[in-house]
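Subject: Structure handover

Hello,

I am passing a structure on to you. Please open it first; my notes follow below.

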Amino acid sequence: MRSAVLSAAIAVSIATPVSAAPTLNVYTYDSFVSEWGPGPGLKEAFEKQCGCTLNFIAVEDGVSILNRSRIEGASTEADVLLGLDLGLVTETAELGLVQAHKVDTSALKAELNWQDSQFVPFDYGHFAFIYDSRKIDSPATSLKQLIDSDASVIYQDPRTSTPGQGMMLWVNGVYADQSASAWAKLAQHTETVTKGWWEAYSLFLEGGADYVLSYTTSPAYHQVAEGVDHYKAAQFSEGHVAQVEVAAISAYTEQPELANQFLQFLISPEAQAIIPVTNWMLPVIDGIELPEAFDKLVTPDTIDFTPQAIAANRAAWIKTWRDSAAN
Amino acid sequence: MPTLRSVQQLSGYAALACLIAVTFLAFQGLAGFNNARFDPELLRDPYTLKILKFSLWQASLSTLISLLVAWPLARILYRLNPTGTQQFLRLCLLAFVTPTLVVITSTMVLFGPQGLLREFLPAQWKLFGLNGILIAHVYLNFPLALRILLQSYQSLPLGSERLASQLKLSSWQRFRVLEWPQLRSSLLAVGTLIFILCFNSFAVVLALGGGPSATTFELAIYQALKYQFNLSEALTLSWFQFAIAGSLFALTALLSKIDWLGARRRMQGWQPDVHQILRKLGLVLYLCGWLVMLLPLFALLSSIEPTKLANLDYRVLLMSLGRSLLIALGATLTALLLALVLLPPQIEALKQHRPVKAALINWISTHHLVAPAMVLSTGIYIWLLSSGALKQWSTFWLVLLNALLVLPFLLTQLRTNSRAYQQQYGALIANLNLSLLVRSSIYLRYLKRPLMSAFALGLLLALGDVSIFAIFGSYDAPTLPWLIYSYAGSYRLGEASIASTLLLLICALLLLVLEKSHHQSKV
């Protein structure tokens with residue numbers, strides 16, 4: 001999960017100090033760079049070893065990183081795109097926005113079975129609906145049950161947000177050609193569809209809805225950081241969609257060496273120890289010690305999608321969602 | 001040495017050419033390039049029809065409710081002239097010029113999940129969607145309707161008022177014979193204006209829409225461009241929006257008839273008799289009106305907590321404010337310059353009894369009102385993309401497009417006085433054979449007050465911009481409204497309220513300047 005933060009500034013990354021040291025610009029999503037997110041810790045650790053300035057530039061969510069890079073094309077400032085996920089890698093690669101990395105990925109967990117020559121994973125997890133167990137006694141046990149219910153739901157826009165896109169995969173995985181009617185049903189009790197994960201989660205914590213789309217790891221944040229355990233992830237019998245968050249080097253960067261160095265750092269034990277307890281997702285290498293709260297998380301089955309299948313259907317699925325969720 | 005007239009003519013025509021060039025470039029962009037083409041298939045897309053239906057539906061409801069709220073209040077103000085009427089009217093004016101994002105913040109503070117009024121609302125209450133949109137639209141627009149309807153009431157002939165009361169006409173008869181004929185045209189005019197404003201609504205729907213079920217054309221264009229980078233869809237939707245909004249605008253062309261700064265005239269000496277019970281009922285409603293107007297202000301202030309004030313990132317806030325002021329200042333000065341240059345040829349044409357030419361100049365100067373901000377911005381944006389100059393030029397266009405959109409309002413502010421100047425002093429000054437510099441300084445000195453009010457008005461309008469910034473702005477370097485949007489979006493209402501209050505204070509200040517100079521320039 002990305003850090004559940006309510007009080008940090010959104011634009012952490014505006015000013016770039018004037019200095020001779022090179023600056024590495026990293027496009028990412030807002031919660032990543034918030035005060036409680038992994039951004040500050042990673043910045044401090046990486047700047048110690050690179051002799052450079054690490055500059056995060058934040059947008060609302062993962063898909064927005066792709067949208068923005070696509071619009072900017074060759075004039076982009078980005079050296080690294082951080083926070084895309086498997087659902088976007090094929091499209092990003094086909095658009096020629098990224099280049100091959102030189103990162104040694106041999107330390108990655110075997111279960112990730114990582115082969116990609118352009119993208120490097122930095123954390124992963126399962127999407128899940130989070131609820132407040134003080135308000136809800138018997139949570140939904142399947143996606144169908146949730147969609148058939150009248151519980152209020154907040155999720156994210158699949159056009160801007162990777163969790164939103166995960167939701168889209170989930171509905172299409174479970175409902176296949178019945179997805180349109182499922183979206184229409186869900187729209188009846190959708191509280192709001194937000195641009196990014198942070199907006200959705202903030203609104204949920206304000207009591208804005210019964211369920212919010214987030215990650216199975218979200219409850220760990222509340223246990224570790226706040227010492228409360230009433231926020232729980234609902235485990236669905238159909239299985240959950242998994243997310244692998246990735247980073248890649250911009251095709252237009254002028255400092256590929258530094259960018260490679262950053263990606264290598266991102267999967268080092270040092271960085272991987274920071275990410276789980278700030279971004280609240282699982283580490284991509286073995287041997288990282290996690291707080292106890294991680295042992296208590298639900299471990300759902302995975303609904304699999306290949307990046308190619310997502311890339312081939314994304315536009316059509318978005319259209320179905322857009323048409324059916326607009327009643 | 002160039003004569004004054006030739007300089008005036010030349011600069012005037014140069015400015016006209018610039019205005020036409022912008023429109024041309026926007027259309028060039030909308031005509032498409034490479035794979036971005038007009039896509040007639042979208043016409044048959046159910047989504048397009050749903051957007052159209054929703055745009056019309058929310059605009060109709062917003063208009064209807066605004067009028068239903070404004071009308072009784074206007075009648076009460078007219079007939080009872082209760083204490084505080086002037087203050088109430090000024091509050092209305094402030095509400096109408098309040099930047100949308102400020103209203104959005106107070107709507108969320110009042111009606112959101114943790115809202116101050118939440119416990120008075122039904123359990124199933126949902127702010128995001130039609131509810132939120134209507135609340136914000138009505139709050140932004142009914143004050144305008146109220147002022148205009150009151151003006152209309154105040155222009156009822158005194159004689160017929162007396163006659164009606166001598167004839168002891170019943171309330172219904174009074175209304176039908178006396179008030180309705182007078183109000184009809186105002187209702188139609190202000191109703192159409194509100195309808196257009198709501199049809200073209202962007203920020204309110206962006207922040208309070210809550211998903212694809214509540215999307216207007218303006219928002220759909222933005223989403224096609226920024227959420228999907230689907231240029232074909234963006235430019236096709238822009239054409240639709242242009243066709244609909246443009247014809248709505250052409251159908252009415254009512255803006256010029258509405259003097260929304262007016263309604264300051266003192267009440268006439270005569271007061272109609274009002275039944276005691278009706279008077280009390282009216283006063284209760286009047287108090288409710290005060291409550292409705294003050295509640296959002298109260299909401300903003302109440303959600304500013306000392307801890308939030310202490311921990312606020314003032315650097316971000318002040319930089320956003322600085323950016324907003326710079327953009328608004330740039331846009332206003334550009335627009336003022338354009339206005340000063342565009343007025344003389346128009347007045348000259350009138351003097352030469354060439355009304356068609358004068359009307360043509362006027363139309364070109366104000367024709368950007370017809371195309372909603374989003375359409376114009378989208379066109380220019382696509383054109384810039386196709387020419388690869390987006391990055392270097394976006395700030396320039398951010399300022400210029402804001403300038404073009406405030407220009408029509410500035411022209412209205414300046415036209416009368418500029419014409420009066422020509423009539424009074426034109427011949428005299430031409431005979432004195434003064435240098436260009438001296439003439440200009442005399443002219444500017446004469447126009448000082450209207451220039452002042454035009455300046456304040458320009459700043460006021462440009463400070464609230466969200467649409468153009470959404471297209472051309474860099475979100476890492478937000479303006480104040482965009483900062484409020486990102487705070488409110490992630491439900492940080494304390495921060496949003498602080499930033500909103502700051503913006504509102506600046507607007508109130510500008511309004512004071514505007515009212516003062518507007519009033520004096522009329523004397």
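Start with the layout of chain B. It is divided into domain 1 (1-31 + 306-523) and domain 2 (46-302); the bounds come from an automatic or database domain assignment. The C-alpha centres of these two domains of chain B lie 25 Å apart. Their contact takes 35 residues from domain 1 of chain B and 36 residues from domain 2 of chain B. Two residues are in contact if their C-beta atoms, placed from the backbone, lie within 7 Å.

Before going on, some ground rules. This is a predicted model: local features need pLDDT of at least 70, side-chain atom pairs count only at pLDDT 80 or more, and totals for chains, interfaces and linings use all residues. Residues are numbered from 1 along each chain as its sequence is written, while chains are lettered from A and ligands numbered from 1 in the order in which they are written.

Back to the domain contact in chain B. On the domain 1 side, helices 15 (373-387), 18 (448-463), 19 (467-472), 20 (480-489) and 21 (493-522) of chain B each supply at least two residues. Helices (H or I, at least four residues) and strands (E, at least two) are DSSP runs, numbered from the N terminus. Helix 21 of chain B gives the most, with twelve residues. The domain 1 side divides into 24 nonpolar, eleven polar and no charged residues. Ala, Val, Leu, Ile, Met, Phe, Trp, Tyr, Cys and Pro count as nonpolar, Asp, Glu, Lys and Arg as charged, and the others, Gly among them, as polar.

Next, the two chains. Their contact takes 34 residues from chain A and 31 residues from chain B. The chain A side divides into 14 nonpolar, eleven polar and nine charged residues.

Now strand 10 (residues 240-250) of chain A. Eleven of its eleven residues are buried (20 or more other C-beta atoms within 10 Å of the residue's own, with C-beta atoms placed from the backbone). Which strands pair with strand 10 of chain A? Strands pair if DSSP finds at least two bridges between them.

- Strand 3 (residues 80-85) of chain A: antiparallel, five bridges. A:Leu82 has A:Ala247 as its bridge partner.
- Strand 4 (residues 98-99) of chain A: antiparallel, two bridges. A:Val98 stands opposite A:Ser250.
- Strand 5 (residues 119-132) of chain A: antiparallel, seven bridges. A:Tyr124 stands opposite A:Val244.
- Strand 11 (residues 302-303) of chain A: parallel, two bridges. A:Val241 stands opposite A:Ile303.

Best wishes

Conventions
A residue is buried if 20 or more other C-beta atoms lie within 10 Å of its own, exposed if 12 or fewer, and partly exposed in between; C-beta atoms are placed from the backbone.
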